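Subject: Structure handover

Hi,

Here is the structure I promised you. Please open it next to this email. My notes follow below.

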Amino acid sequence: MPDSLSSLYGGRGIAFTHGMGSHVFDSADRGYIDFFNGHGASLFGHSHPLLTEALARAAKGVWTSGAGFESPVREKLADELGMMFGGGRVFLCNSGTEAIEAALKLVLTLRKERRRILACRRGFHGRTCGALSITFNPKYREPFMPLVGKAEHFSMDDLADNIDDDTAAVFIEPVQGEGGVFALPAKTGIKITEACRKHSALLVSDEIQSGLGRCGAPLASSLTGLDPDMVCLAKGLAGGIPAGALVWKKELGDFLPHSHGSTYGGNELAATVSLAVLSMVMHSDLPEKAASSGEFFRSRITAIRSSHIKDVRGMGLLNGIELDIPSVGVVKALQENGLLSLTAGPRTLRFLPSFAAEEKDFEDAAIILARTLEGF
Ligand SMILES: Cc1ncc(COP(=O)(O)O)c(C=O)c1O
C-alpha cells in the first residue's frame, strides 16, 4: 500500500478479490466473515443480486446527468426518501460528512439569528471542517482548531437541559458508532426532542451509521425517542456505492436558491442503486430481522467466558464489546482468525454485520471471538 494511504488509514495487509453475502475472499482465496463491511456501507453484504442488477441496468444508461437536469431516477429517489420522513425535502450528496455539511448549512440558513450548535460527547459526525466542528473526539478535532465554528458538547443526559432560545440545532446519533456504540435511551431522546420543540431548536439525527434498518427500523431515531427535523443518511444508502442524503421536514423551509450543490449528488448510478436499497429497507422484514439477529449475536457473545469482556451492547446490527485490553490488537487477531471487525474507541470492538449475515455466521463469529480472546 502506498505511504499516502497507509499513513491515513493504517494497513490491514490484505486485499479482497471478491465477496458473496457476508463473506469476502482475499487474493489467496481465504474467506473471512465480514462484520466490517466497509465501515458499515455494505449493508446488504456483497454481490446482492438486486443491487448488482440495478447497477448493471444503470450503467447502460446516463451515468451522471448533473443536478438541474430532469432525471426520473433521481426524482423518484428524492420522493421515496422524502416519504420516509413524512413528505420531506431532500438534498442528495455522496457521503456522510457531506450530508452533515448540508445539514449545518441548512441550520445556518433557517436559524440565522442563533449562535449555539449543540452535539453529544463521544459523538462522531465526519471529518470535513464543519462536520469535524461537531465531532467530539479531540484526537480528530484539535489538529485543525479553531475550525470554522464552535459546537458545544454535552453528555446524552445533560443535553436537553442545555438547549435554550439561542440554540440553532442539536446534532445527535441515535446510536453512537465510532464513539463506543452507545444507544440513546428512549427516555433521554424524548427529553431532547421536547426541549428542541420548546425552544424551536432544530433536531438533526445523524443516522449515517445507524439508519436504513441496521438498528431494527428504517430510521433509528424512531427507536430512541427522537422526532428529528432533519435526518442525515449515507453508508448503506447505495449499499457501498458513495451516496448520502439530507432529508428534512418540508414545513421548516429550504436552502436559499443556488446556495448549495454537489456535482455527483444523486447521479444516476448511485440513485438507481439507492432506490433498490430503499425498496428493500422499506418493504421487507430486513429491519426486524436485523433486530432479532443482533439480539441473537449479543446473546452468543454474552455467553463467552472471557475475563476480557466488560460489556456487550448495541442495537440490531451495530454492536460493541468493551474489553479490558486495547481493541486494536484484538481486531488484528480476529482478522488473522477469519473475522473482520473494527474498533469503536481504544477498548471497544465494533461489529457491523450486513443483512446478509445468517445465524451460522453469528455463531461462527462468536466462536472465533472466544478463541481469539483466549490468546490475550
Ligand atoms: C455517525 C456518522 N456520521 C458521519 C460519518 C461520516 O461519514 P463519511 O465517512 O461517509 O463521510 C460517519 C462515518 O463513519 C458516521 O459513522
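Which residues of E10 are on one side, which are on the other, and are they buried or exposed? Leu 202, Val 204 and Asp 206 are on one side. Leu 203 and Ser 205 are on the other. All of these are buried, and both faces of the strand are covered. Keep in mind throughout that this is a predicted model.

**Strand E10 and its partners**

Strand E10 covers residues 202-206. Five of its five residues are buried, so the strand is largely enclosed by the rest of the structure. Strand E7 (residues 167-172) runs parallel to E10, and four bridges join the two. Phe 171 stands opposite Val 204 of E10. Strand E11 (residues 230-233) also pairs with E10 in the parallel sense, over three bridges. There, Met 230 in E11 is the bridge partner of Val 204.

Ser 200 sits in the loop between helix H9 (186-199) and E10. Its phi is near 55 degrees, a positive value in a residue other than glycine. Ser 200 has 14 C-beta neighbours inside 10 Å, so it counts as partly exposed. The cut-offs are 20 or more for buried and 12 or fewer for exposed.

**Another positive phi**

Asn 37 is not a glycine either, yet its phi is positive, at about 50 degrees. Asn 37 belongs to helix H2 (residues 37-40). With 29 C-beta neighbours inside 10 Å, Asn 37 counts as buried.

**Pro 49**

Pro 49 is in helix H3 (residues 49-59). It has 8 C-beta neighbours inside 10 Å and therefore counts as exposed. How far is Pro 49 from Gly 21, in sequence and in space? They are 28 residues apart in sequence. C-alpha to C-alpha, the distance between Pro 49 and Gly 21 is 9.8 Å.

**Helices H4 and H10**

Helix H4 (residues 72-83) packs against helix H10 (residues 268-282). The angle is about 40 degrees, and the axes are 9 Å apart. That angle makes H4 oblique to H10. The crossing of H4 past H10 is left-handed. Which residues meet? From H4 come Val 73, Arg 74, Lys 76, Leu 77 and Glu 80. From H10 come Glu 268, Ala 271, Thr 272, Ser 274, Leu 275 and Leu 278. By class, this contact has five nonpolar, two polar and four charged residues.

**The four-stranded sheet**

Four strands form an open sheet, in the order E13-E14-E17-E16. The pairing is antiparallel. Which strands are at the edges? They are E13 (309-315) and E16 (342-343), and each pairs on one side only. E13 pairs with strand E14 (residues 318-323) in the antiparallel sense, over six bridges. Within this pair, Val 312 has Ile 321 in E14 as its bridge partner. Helix H11 (residues 286-302) lies across E13 and E14. H11 runs at about 175 degrees to E13.

Best wishes

Methods
Residues numbered from 1 in each chain as written. Predicted model: local features only at pLDDT ≥ 70, side-chain atom pairs only at ≥ 80, totals over all residues. Axes fitted to C-alpha atoms, helices over the stretch in contact; angles between N-to-C directions. Parallel < 35°, antiparallel > 145°, perpendicular 65-115°, else oblique. Left-handed = near helix turned anticlockwise from the far one by under 90°. Contact = placed C-beta atoms within 7 Å. Nonpolar A, V, L, I, M, F, W, Y, C, P; charged D, E, K, R; others polar. Pairing = 2+ DSSP bridges.
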